[in-house]
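Subject: Structure handover

Hello,

Here is the structure we spoke about. Please open it first, then read the notes below it.

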Amino acid sequence: MSYLTLGLDLGANSVGWALLDEQGGKLLGAGVRVFPEGVDRDTKGGEVSKNEARRIARGMRRQTTRRARRKRQLRQALVEAGLFPADPAEQAKLDACDPYDLRRRALDEKLKPPEIGRALIHLNQHRGFLSNRRADKARKKENSEMLAEISELEKEIQAAGHRTLGEHFASLVAKEGEIPAHRVRGRHTRRAMYEQEFDLIWTSQQRFHPKLLTETLRYGQTGRQQYPCPSLEREGQTLLAKFGVEGCIFRQRPLYWPASVVGHCELESRLPRCRRADRRAQRFRMFNEVNNLRLLDTSTGEERPLSSDERQQLVDLLSAKDKLKFDVIRKKMGFLETVQFNLERGGRKDLKGLATDALLSKKEFFGKAWQTMPEEDKNRIVAALISEEEPRIRRTCGKLGISAELTEKLLDVELEQGYMSYSHVAIAKLLPHVEAGLRLTSRDGSPSALSAAGYVLPWDRKVNPTPLLPDPPELTNPLVRAALHEVRKVVNAVLRELVYRQGHQLAGIHVELAREVKGTAEERARQSSENHEREARRDDAADRIREHGAKPTRDAIDRYLLWEEQERKCVYSGKSISLTQVLGGEVDVDHILPYSRSLDNSLMNRVVCFRQENAGKGDRTPHEWLAVKEPHKYERVLQQADRLPYPKAKRFRQPGVQLDDFIQRQLNDTRYITTQVAQYVRCLGAEVLCPRGDHTAELRRQWGLNEILRDDGLNLKTRDDHRHHAVDAIVIALMNHSRLQQLSRIKRLDTRTDAERLAEPWRNFRAEAETLVNGIHVSHRVRRKVAGSLHEETLYGPTSEVGRFVYRKPLESLTLAMIEDIRDDKIRQLVQARLDQFKDKLDGKKIPLDVWKEPLRFPGSGVPIRKVRLMKNDQTIQPFRDGSGCVKPGSLHHLCIFEEESTSGKPVRYATFVSMLEASRRVRNNQPLIQRHDPQHPRAKFLMSLSANEMLLLQHNGKEELYRYETAASTTAQMHFRHHTAAGKSSEKLGAVSKKPSTFQGRKVTVDPIGRIRWAND
């Protein structure tokens, strides 16, 4: 039995793995699993929720469905109440009446009961905008513009002396042959306008029909309600009986988040997480950050925590503010400008205080009275505001004696959104300990808030050993959540096939996470932004280097950026450095902490300096070099270093380097996400290490592994081949304390040349790794799920011509190329005439919006033209639902390849293409998703089906190689494949091959998560 080590290189859309027996000197297996990211990407590469577009579309569909259902239910209720005829013919006559005229007459004249019903149906069709606090915050700009339009309309009504919206619109409706002065349809209105009009109409008509229009008919058995309000059980009653006519029209439930959407506390797993706006949560966060704060004190040259007095002073400052910038903290607390804080790393500008208290202490709300209010009352008010339920807020304010004016202001207050990691209960237990100054966690055995509160530290939690990985935990990081499901498939397959079945035992797991999957969504967004800024700075540096007549190599760009960061001065001598000296060899790149002792080759550990200064420093830290022998120079160097970023400035003051401590940190990445992944795989009973990844590239270079996947002699990593993840996994599996010690020894002996290389782990390791990597079959996750967009959003109408359809488009969305496609000749001439008036402004493909500022109208009637009908030729557009409309199918779900004999007796291959729309129809009708018989060619033989990422052994250029199916064009029957190892975007066409069914030669296979090929039973 051998004790094996598994290395995992975990990225956003890949898992590289390698299994080795270091004692026996064997590589037992390696592979790569590729899968879709846990998020979608926008055009700039930013993260977008996979479900966001689908959720928005589903919400619109639901809104349309609810509106139609409400109209249908109201008609039924009015028929039941005797306010509308049951006969469809009579209903059609009433529907043809002018509803605005009925609404105007209903204020003063007696209407017949069916006419009253018709007026109420029209009110129901346009209920107006109902302000919702939660939705308003998400659409602040949109709503501000909408509310401005509503206010303008209210002023119009008041100026015209009209009592209701219906009366005002009745005056605007154009008579036959007239051009309307204002639009009536499409104007934004407020719900209260309709509620007021309903009340006036009902009260007026009640005088004429007192026995019909009763209070019970109006409000139902529930009585008068203020909407939105929670849904009430009807218990077999009709809507009319339960809610009355008014409820049928205006009834609306409040928006809410289901309890299942809110995550669970990390410490009290059964409890939901606490809202960030909660006062106790903000107090916990504030103390936790103050306890973690460290400053670089220039007077002592050491990084230290705040003293007790300084800590109390900062707490007092933060308690009165929503946040404080670090510059303000320095000024208020009397620190010099050269003092830097550890939390300023990564571009952070401020510390958060008690935002909720700071907001409610403003003059427009409670002012100074908030400070003297009992804590219990403060918490009740904040809890009501967090709930965002208007009745609860009004009820709480009423009980506490808060004025009506202030209550109205509180209804619109905007508190901090989001949730903490812990529940109310956990925060209540932790708060006294962080207030006492304890840090939340501790790895050195010192007291921590978690342990003091009775909780077990994450890395000390006991796990129940299991032979295989269970379902992964529900992490909030969508990238890691998706990746862990693939890790489970890969690791369990490795354990079953390569470990347990061979009689071995897994002794160690080394996991390294790619940079792009770490941190919270906010931290990943900031990292992405910093990456873009860094790329822009490097591009600019490359341009400056070219202008100087030099080649912009990676080393030259690094030198240039360091030179700019140091204000173009030598950090040790203080003398100016010219660009010619930087690029001409007179200047060295120095490691502040010697590389041979720290193994730190990051830019944060590098500076540019004159060669003689570097020679004098040697293999020492600045402190070891100057602090004793030349203290005045050392002080000058520190003053120069204080202008550099905090992590770099800190290195200049570090007295020495403890290599063992550094290596220990490199082998234990303690960031939150890495810790969660480590906790997940620890249940296998193996020792888990989480290397940081800083040295993977160096070890890979030392052992010549870069040249496995490229032969250009540059010894650089290639990212065009998925198998580079397996190469990294091999290195990760071999990363340990002794190997980093060996690397340090080599660098200490000769830091300038590669005269000695790190010894291979065992004899013939490099050749064995090359053979193993070159034999990898990359596993791609197949996408067979019927999910996503079924069709494009545009609806088309059929015409008498086959393959020719018509659709509507707003004038503002037209391009110049669409003008010829306008179906109606007269409208096309009107549009062309308008464009002729703006010839000078027409350039390119777009039409300026100014062209349509003045409405385009039909001659004679004056009716404005807002949309036009366009013609489109397309063979893929299909009838939808009952055939009343047509849509263009969205993505392709799969294709089927058939073979039949031609008239000449030769076999002919062809493909049938199944869209996502057709696939959903089959699932809905309980039909087989893959249909192995072609009704149009009953004698044809089914060969195979192909969905995205299914694999084939494909004949190409005389060789049989493994390819994955990407997509196909149904109009040309062209199928597109990519080599299984080819990485990069589809648009880059790396390893791309196109085939038609008639020229296609290959056999479908399956590749399991660890890369084993089997024939597909298709």
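One term first: contact means heavy atoms within 4.5 Å. This is a predicted model, where local features need pLDDT of at least 70, side-chain atom pairs count only at pLDDT 80 or more, and totals for chains, interfaces and linings use all residues. Residues are numbered from 1 along each chain as its sequence is written, and side-chain values use heavy atoms, with hydrogens and water left out.

Nonpolar cores

Leu120 touches Leu74, Leu78, Phe198, Trp202, Val245 and Ile249, leaving out residues up to four places away in sequence. A nonpolar core is a set of buried Ala, Val, Leu, Ile, Met, Phe, Trp, Tyr and Cys residues joined through side-chain atoms within 4.5 Å. Buried means under 20% relative accessible area, exposed over 50%, and partly exposed in between (1.4 Å probe, protein chains only). The largest core has 41 residues, and Leu78, Leu120, Phe198, Leu217 and Val245 have the most contacts inside it. Helices that each supply at least two residues include H1 (52-81), H4 (113-125) and H8 (191-208). H10 gives the most to this core, seven residues. Helices (H or I, at least four residues) and strands (E, at least two) are DSSP runs, numbered from the N terminus. Another core lies apart from this one; its 37 residues include Leu293, Ile329, Ala449 and Leu457.

Ser779

Ser779 sits in strand E15 (residues 779-780). Its relative accessible area is 0%, so Ser779 is buried. Neighbours within four places aside, Ser779 is in contact with Val32, Arg33, Val34, Val1007, Asp1008 and Pro1009.

Helix H37

H37 spans residues 916-924, and its buried residues are Met916, Leu917, Ala919, Ser920 and Arg922. Their cover includes strands E16 (791-798), E21 (878-880), E22 (885-889), E23 (892-901) and E24 (907-915). Just after H37, Asn926 takes a positive phi of about 55°.

Cavities

A cavity is a set of points, on a 1 Å grid over the protein atoms alone, where a 1.4 Å probe fits but cannot get out; lining residues have an atom within 4 Å of a point. There are four cavities of 30 Å³ or more. The largest cavity holds about 50 Å³ of space, a volume being the space filled by probe spheres set on the points. Its lining is Arg700, Leu705, Asn706, Leu709, Lys717, Thr718, His724, Val727 and Asp728. Helix H33 (residues 724-734) gives the most to that lining, with three residues.

Best wishes

Technical notes:
On a 1 Å grid over the protein atoms alone, a cavity is a set of points where a 1.4 Å probe fits but cannot get out, and a pocket is an open set with protein on both sides within 12 Å along at least five of seven lines; lining residues have an atom within 4 Å of a point.
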